[in-house]
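Please open the model in a viewer and follow the stops below in order.

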Amino acid sequence: MAVNFPSIDPAKLHPVAGVTLGWAEAHIRKPNRKDVLVIRVDEGATVAGVFTLNRFCAAPVTVCREHLAVAGKGGKGIRALVVNTGNANAGTGEPGMVVARETCAELARLAGLDAQQILPFSTGVILEPLPIDRLKAGLPAALANQQAAHWFDVAQAIMTTDTLPKAASRQVTIDGHTVTMSGISKGAGMIKPNMATMLGFLAFDAKVAQPVLDQLVKHVADRSFNCITIDGDTSTNDSFILIASGKSSLPEITSTNSPAYAALRDAVTDIAQELAQLIVRDGEGATKFMTVTVEGGKDVAECRQIAYAIGHSPLVKTAFYASDPNLGRILAAIGYAGVTDLDVGKIDLYLDDVLVAKAGGRNPEYKEEDGQRVMKKSEILICVLLGRGNAQATVWTCDLSHDYVSINADYRS
């Protein structure tokens, strides 16, 4: 059951000029479901991405890195993305690489492109061969129904254990020019910040030079998809892609020092945060959405380190599921986070507006019924004050319920 998941109106997902999307039912794993997506990008667009740091990364991740490297060094540019769900093509060795390259070659043949202009993505079960014949058979249909307004449909086409499609859209004004952006994401489990935590595709019609887009995608991911955690597992296939189609009247952004870049950066970060939070709201078995903020650190890195320790902790997450104010579990997570010179005698802990711990110990005025009142809410703020600097960081997470175990126990059946 998703936590306060917003109603998404397909009609309010704006088309992005220069980008079309199509889907197909290719029966990759199960019949009668959308499971193949093709995104076409007009010539002249720039594309950038960041990927999982899992050493067992999937074959399509390796191919994407190779093709983006070629495009960024003066190649013909990325012109299409192809995504399948139901099978991750991970842990498949050299045969998996062959399949990923064959997918690119087939789409290139059908679309009149070079194989290196294609980025492949897969999500689903690991360690099983991808049925390439089914995937290839679905490509003509995905190309045939290409439309600029298909954002909601293709959000459905990349779902695995997701219960709801995840999409968002914005129109912003930068220097008097309208910039349109739309994006989709998927993910409900196997989510841990380590770049990029799921599949996410975000397109906008501003024109952005390749070196600038390469920096933008890292900035955005670091403040959105790298700030969510559900179960502490980093997937083999995680990818986040930005597409700048260049069709807006806004002049090309060629420097990260320009006001236009700052405005675009903030707008893209905002929509990416929405897409990232939708993943947490739809976390496997989630009943509560938790914001973990750590303030007063020496630097952002240690604030994130502590926030992740809290957000990953199964003991913390199960306590929140039960609405049990066993809040010493949070202190324990802070203590084992790995900040070795932390002075716990300076730490305050808040649950929403309730001061639970003060100067490293229980607040004398804290009453357990106040903690329980907060923990019964569906949205909860955990705030840790370190008292050692001015840095801060925020992580979004969810609780851990019986349903999480059931979903993952039955995932392949």
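In what order do the 5 strands of the open sheet lie? The order is S3-S10-S8-S7-S6, and the pairing is mixed. Strands, like helices, are DSSP runs numbered from the N terminus (E, at least two residues, for strands; H or I, at least four, for helices), and two strands pair if DSSP finds at least two bridges between them.

This is a predicted model, in which local features need pLDDT of at least 70 and side-chain atom pairs count only at pLDDT 80 or more, while totals for chains, interfaces and linings use all residues. Residues are numbered from 1 along each chain as its sequence is written, and side-chain values use heavy atoms, without hydrogens and water.

Next, select strand S8 (residues 199-204) and strand S10 (residues 239-244), which pair in the parallel sense over 6 bridges. Here Gly 200 stands opposite Phe 240 in S10.

Finally, select Gln 210 in helix H5 (residues 210-222). Is Gln 210 buried or exposed? Gln 210 counts as buried because its relative accessibility is 18%, the cut-off being under 20% relative accessible area (1.4 Å probe, protein chains only). Leaving aside residues up to four places away in sequence, Gln 210 touches Thr 46, Val 47, Ala 48 and Gly 72, where contact means heavy atoms within 4.5 Å. A polar atom of the Gln 210 side chain lies 2.9 Å from the backbone oxygen of Val 47.

Note on methods. Buried means under 20% relative accessible area, exposed over 50%, partly exposed in between (1.4 Å probe, protein chains only). A polar contact is a pair of N or O atoms within 3.5 Å; within protein, one must be able to donate a hydrogen and the other to accept it, and residues adjacent in sequence count only if both atoms are side-chain atoms.
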